[in-house]
Amino acid sequence: MAYLATIVHEYVSLSSFAIPFPYISKDHVSMCINDVETDQYEWTSNTTIAFLDEFRPDAGDIVTIKRETPTTPLVDYQDGQSFSSADMDMATLQTLYVAQELMDRTIQLTAGATSFEGRGFRLSGLHDPVEDQDAVTKSWASNIGEGSLNACIEAASEATAAADEATELLETFGGTGYRFVFVAKDSSTDSTYAAAAGDYVCYDTTTAAATVTLPSEPRENDVVAVCDIGGNFQSYPVTVGRNSLLINGSGSDYILSGSNAVTMFRYTGNSYGWKVEYYGSAVAHSHAGLLPTGSVIWYLTEDDTVIPDGYVVADGSSLNKTTYAALYSVIGSMYGGGTATFVLPDLRGEFIRGYDGGRGIDADRVLGSSQGFAMEDITGEMIMKQLSPTGRIIMSASGAFSVVTTTTTASSVAYGAVDYPTSAVQFNASNVVTTATETRPRNVALIPLMKY
């Protein structure tokens, strides 16, 4: 048991303090304010002690009253000396009090206990913690707390910036009436989140990947935004689960990775599913249905007036630079334009040829340039035989040439008593290739679309 040779109080307004323990001499009793010993007090009785009025502690200060019995013998025994009962009592009490004080100042693990009993005393001389169950010092805890506070302040600042960006996105995409609900998540402790319409989910993916699942029964034009609270998904990505619906017309989940990733998903209400409306600069997206801005695809549909969201027909028309800013930043004015507009390439009725890029098959071409009609050379050969100084006959022909022989007539070339038939040469490219009114490869008619 503890003998409480040290009493600790939190000072409020007491004018005096009772001494609850016995002592041999008042000199063995001392007082401390916040662990600093003081002599600014007086004994008002053998069991009461009080601070001097002008030196009273402040409210909340810790007042400690303790007994410290000296360990040097208070009674010196000598051979042949007579001792009084008072001397014997003092020696006995000194031994008892020193033992009690030692017990009070010793942290012990009692039999059957699962924890140490500190008895109100401080632990000192601790090392910084290493294992999960190590005790910590005040300095270490303060530093960690300050670091966590600073991290919270920084995260709050980043979250505010993200919310501001969300507002700008709503204005950019005509999201009048939308109100985002900001949701902050840490992937190390909560790696999955089922989003609701209007959620702006900011994940901290510093230590682990995360998954955000889109709503399963969205309404048309419902919006969910996803970003990284630190501005990047470079170390660990976020998978956006489609929840049985499509994303950009694809049946695959959408993977966010890269830096400055901020992505908005808007539900179109049709077979296209969730449409990726916006993503921040320098973002790498891995998704089967997503193409970078400026990509050209060939599209087949029963109704050529219905074009999927996110694409325009590459028909040479003019577009507004602001409305189609992303596409303009890719192709610029390669095909013409004005102050506020730029022109699309006209790919209708055209065949696409891969850019040579130094290979040498189609040398000296400029990227995006058109190439006119051309046909590979068609050749043939004729063999003729001299019959007379003025007469010749076609013996054979090859390639695009053929020999046409007529019957014997009066106009036939005559030499001596022999009549020879008249020969003619006919040119026909169909002898060599399939012909038509134009030169073309085998083909299928599709609609040329460009991603904007």
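The paragraphs below walk through this structure from the whole chain to single residues.

The model is a predicted one, in which local features need pLDDT of at least 70 and side-chain atom pairs count only at pLDDT 80 or more, while totals for chains, interfaces and linings use all residues. Residues are numbered from 1 along each chain as its sequence is written, and side-chain values use heavy atoms, with hydrogens and water left out.

The protein chain has three helices and 28 strands, where helices (H or I, at least four residues) and strands (E, at least two) are DSSP runs numbered from the N terminus. Of its 452 residues, 29% count as buried; buried means under 20% relative accessible area, exposed means over 50%, and partly exposed lies in between (1.4 Å probe, protein chains only). Among the contacts in the chain with a separation of 6 or more, 56% are between residues 24 or more positions apart, a contact being heavy atoms within 4.5 Å.

An open sheet of three strands has the order E2-E6-E5, with antiparallel pairing, and two strands are said to pair if DSSP finds at least two bridges between them. Strand E2 (17–18) and strand E5 (41–45) stand at the edges with a single partner strand each, so one side of each is left without a neighbour in the sheet. Two bridges join E2 to strand E6 (residues 48–51), and Ala18 stands opposite Thr48 in E6.

Five bridges join E12 to E15, and the two run antiparallel, with Ala225 opposite Met264. Leaving aside neighbours within four places in sequence, Phe265 is in contact with residues including Val224, Val240, Tyr254 and Trp274.

Some loop residues also stand out. Most residues other than glycine have a negative phi. Asn221, in the loop between E11 and E12, has a positive phi of about 75 degrees and is partly exposed, with a relative accessible area of 33%. Ser244, in the loop between E13 and E14, has a positive phi near 75 degrees and is exposed, with a relative accessible area of 68%.

Finally, there is the largest pocket, which is lined by 35 residues, with Phe351, Ile352, Arg353, Arg365 and Ser369 nearest its centre. On a 1 Å grid over the protein atoms alone, a pocket is an open set of points where a 1.4 Å probe fits, with protein on both sides within 12 Å along at least five of seven lines, and lining residues have an atom within 4 Å of a point.
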